[in-house]
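Hello,

Here is the structure we spoke about. Please look it over first, and then read the notes below it.

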Amino acid sequence: MTDTKTLAYINMYAILGTLENLCELVPEASDLLKGKKPVSIGFDVKGGPSATLFFKNGKCRMEQGVDNCDIKLPFSSPAKFNGLIDGTVTPIPSKGFTHIKFLLNEFTKLTDILTKYMKPEPEALSDREFFVRSTSLMLSAITVAVAQIANNDSIGKFTASHIVDGDIALLIKDGPGTTLRVKDHRLLGIKAPPENPRAIMEFKSIELARDLFDGNVNAVASIGDGSIRMSGMISMIDNLNRLLDRVALYLA
Amino acid sequence: MATNIYKYSKSREYFERAAKVVPSGVYGHLGPAEGCMIPVTSFPLFAASAKGSHFTDVDGNDFIDYMCAYGPNVLGYGDEDVDAAVLEQAKIANCTTSPSIKLIELAELMVDTVASADWAFFAKNGGDTTTAAIMAARAHTSKKKIIFVKGFYHGVAPWTQKIDYPGVTPEDVSGNLYVDWNDFDALEKLIAENEGEVAAFISTPYMHGNFIDNQLPADGYWQKVRKLCTEKGIVLIVDDVRCGFRLDLAGSDHYYGFEADLICFCKALANGWSVSALCGKEFIKSSVSALSYTGSYWLSSAPFAAAIVCINKLKKLNAPALFREKGIKLTDGFTAAGKEHGFDLVVSGEPALFYLRIANDDSLFIHQDWVQECVKRGMFITNHHNHFICASHSDEDINRSIEIAEDAFKAVKKKHPGI
């Protein structure tokens, strides 16, 4: 019950887009880029998303479109692009052959680091610093994935059609927070908490957030025992939970 | 009267115990998540006893209860006449191989009471009867599609849920069409777009959805809907599970001046004893007879005995007028108290099932804060759902409730001095 095109949007913005946060949070990632000439990689998916990752001064930034990229990777379909993410498709650049070394070395290493944090080995999570970074990255990725599902997946769009305008805050107490901004039933994932939320869903700890992300605990049960606090327009939270259920389907 | 701020240590202990053996600890609308208990620490989670318009929780806190078990408490908890009838019938027979003639007595009473009823079919929950209604409409028309009003709630069977709900498949809801409440033109257009395919239009008598101000029918809306359904051969189903007998003992369709083809009752039928009823017109009776649809306890006679006494008592009290009067008195008091402290408390829906929302912000943060301050002071209300008046709500209850509301407004104002 998932859709290839929606998965491509999730892979583009929630997975590759999380390289932005990876380079901020993980020195191992930003160190790969330091002292290197700025470079950008455009991912152009026919019938799907199109975006460019800019790498400069140890940082990474994603922008819509591929007009200003150094390396351009075209994909003939969302399925082919999804193949890049799951490792079954090797991309062939249509532009930027002189930068191919970056693609093969630094970019590949960056995505390997991202995988290490997004799909961690259980023992890696016993390191507190790794655990916090990994869970923070997951929060960002999940927030963006929720928006992509709301905007692209047929069932997600049905859910979005029931959400009123405003900002939903997704917060970890004493930790990071994100925003889902709703306007005319389209959602935008923002990797920072909102100033004036209309609804709040707050996890009591980063450990609880992790357990929820990993599917080890249930949101409804956690609301009951007080480990998730919800307030404001509860209909927004209710619908957010339906979208989160679909994130689990796509990112399983 | 001094205000005691309640604590819930025993509720929390029991909840932790429950969570080990019960999904979510307390699931569904009585639980903290679906019941929107915000924050959960301000609400009782388990009741110890109940009488009249009050219940006492496991910590010994007493509440004036405006949720009335989400509707079934219509006369008052532990009504002596109803409960005596149940006990008496239980001694004679309850769940038996052949049903008791209480089945006939209750069906006759329903037909005599409900204006649009030529017959009555009994089950346990409201959702049993909405499902029976949909099946009957499809059986009668040999059509598949059902039109719902957006924001609807008709129970928990898969067809009543939405495509994005856990455990629901697209096939479960593939025949569902949606239209805005009170929008007759849109309904007419939707029916035209699905000409010859619509089995039924199902709706509550007015829009009493959660999280939004409740909306009464526009002038002439129901009459136009009735005419259109008749012209198009569409079965008109009124889900009167929530409002039934609180607005009009002849049915809420009667209250709003039209006749449903099928009408569903539950909450106010038997003062907490488990029975629901689908009533309808003669023309669709044979389709209901044809349904393969039954349940182990549906013809148990003790709840029938409760319903007979309850309905007769509601008639004797002229209960709908009483509920309206009490609802107006209570909500007028709330509104005035709010105004005095700078709160814009919006009251909507019918007074017997009033809905509350503080409109000072558009997020419900202030409203939720006020509701929890009320609950902690001994008045059980919710921040997301309509409320219910029962016959046992006394003037003393109402006056005390207004005092609590005012005290809660003061407490919220302290936290939000800008109001």
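The radius of gyration is taken over C-alpha atoms, and the rule for a globule is 2.2 Å times the number of residues to the power 0.38. Please keep in mind that this is a predicted model. For the 419 residues of chain B, a compact globule would have a radius of gyration near 22 Å, and chain B has 22 Å, so the two agree.

Chain B overall

The C-alpha trace of chain B spans about 60 × 55 × 45 Å along its principal axes. Chain B holds twelve helices and 13 strands. Of its 419 residues, 51% count as buried. Among contacts in chain B with a separation of 6 or more, 75% are between residues 24 or more positions apart.

Two helices of chain B

Helix α10 (residues 319–340) of chain B packs against helix α12 (residues 395–415) of chain B at an angle of about 25 degrees, and their axes are 9 Å apart. Angles under 35 degrees count as roughly parallel, so α10(B) is roughly parallel to α12(B). Their crossing is right-handed. On the α10(B) side, the contact is made by B:K326, B:K329, B:L330, B:G333, B:F334, B:A337 and B:G338. On the α12(B) side, the residues are B:I398, B:S401, B:I402, B:A405, B:E406 and B:F409. By class, this contact has seven nonpolar, three polar and three charged residues.

One residue in a loop

B:S116 sits in the loop between α3 (102–113) and β4 (119–123) of chain B. Is B:S116 buried or exposed? A residue is buried if 20 or more other C-beta atoms lie within 10 Å of its own. B:S116 has 20 C-beta neighbours inside 10 Å, and therefore counts as buried. Leaving out residues up to four places away in sequence, B:S116 touches B:G251, B:D253, B:E259, B:A260, B:I263, B:C279 and B:K281. B:G35, on the other hand, is 81 residues from B:S116 in sequence and 33 Å from it in space, C-alpha to C-alpha.

Where the chains meet

How many residues does each chain bring to the contact between chain A and chain B? Chain A gives 20 residues and chain B gives 23 residues. On the side of chain A that touches chain B, at least two residues each come from α7 (154–160), α9 (219–224), β9 (228–232) and α10 (234–251) of chain A. By class, that side of chain A has nine nonpolar, six polar and five charged residues.

Regards

How values were computed
Residues are numbered from 1 along each chain as its sequence is written. Chains are lettered from A and ligands numbered from 1 in the order in which they are written. This is a predicted model: local features need pLDDT of at least 70, side-chain atom pairs count only at pLDDT 80 or more; totals for chains, interfaces and linings use all residues. Helices (H or I, at least four residues) and strands (E, at least two) are DSSP runs, numbered from the N terminus. A residue is buried if 20 or more other C-beta atoms lie within 10 Å of its own, exposed if 12 or fewer, and partly exposed in between; C-beta atoms are placed from the backbone. Two residues are in contact if their C-beta atoms, placed from the backbone, lie within 7 Å. Ala, Val, Leu, Ile, Met, Phe, Trp, Tyr, Cys and Pro count as nonpolar, Asp, Glu, Lys and Arg as charged, and the others, Gly among them, as polar. Axes are lines fitted to C-alpha atoms, for helices over the stretch in contact, and angles run from 0 to 180 degrees between N-to-C directions. Angles under 35 degrees count as roughly parallel, over 145 as roughly antiparallel, 65 to 115 as roughly perpendicular and the rest as oblique. A crossing is left-handed if the near helix is turned anticlockwise from the far one by less than a right angle, and right-handed if clockwise.
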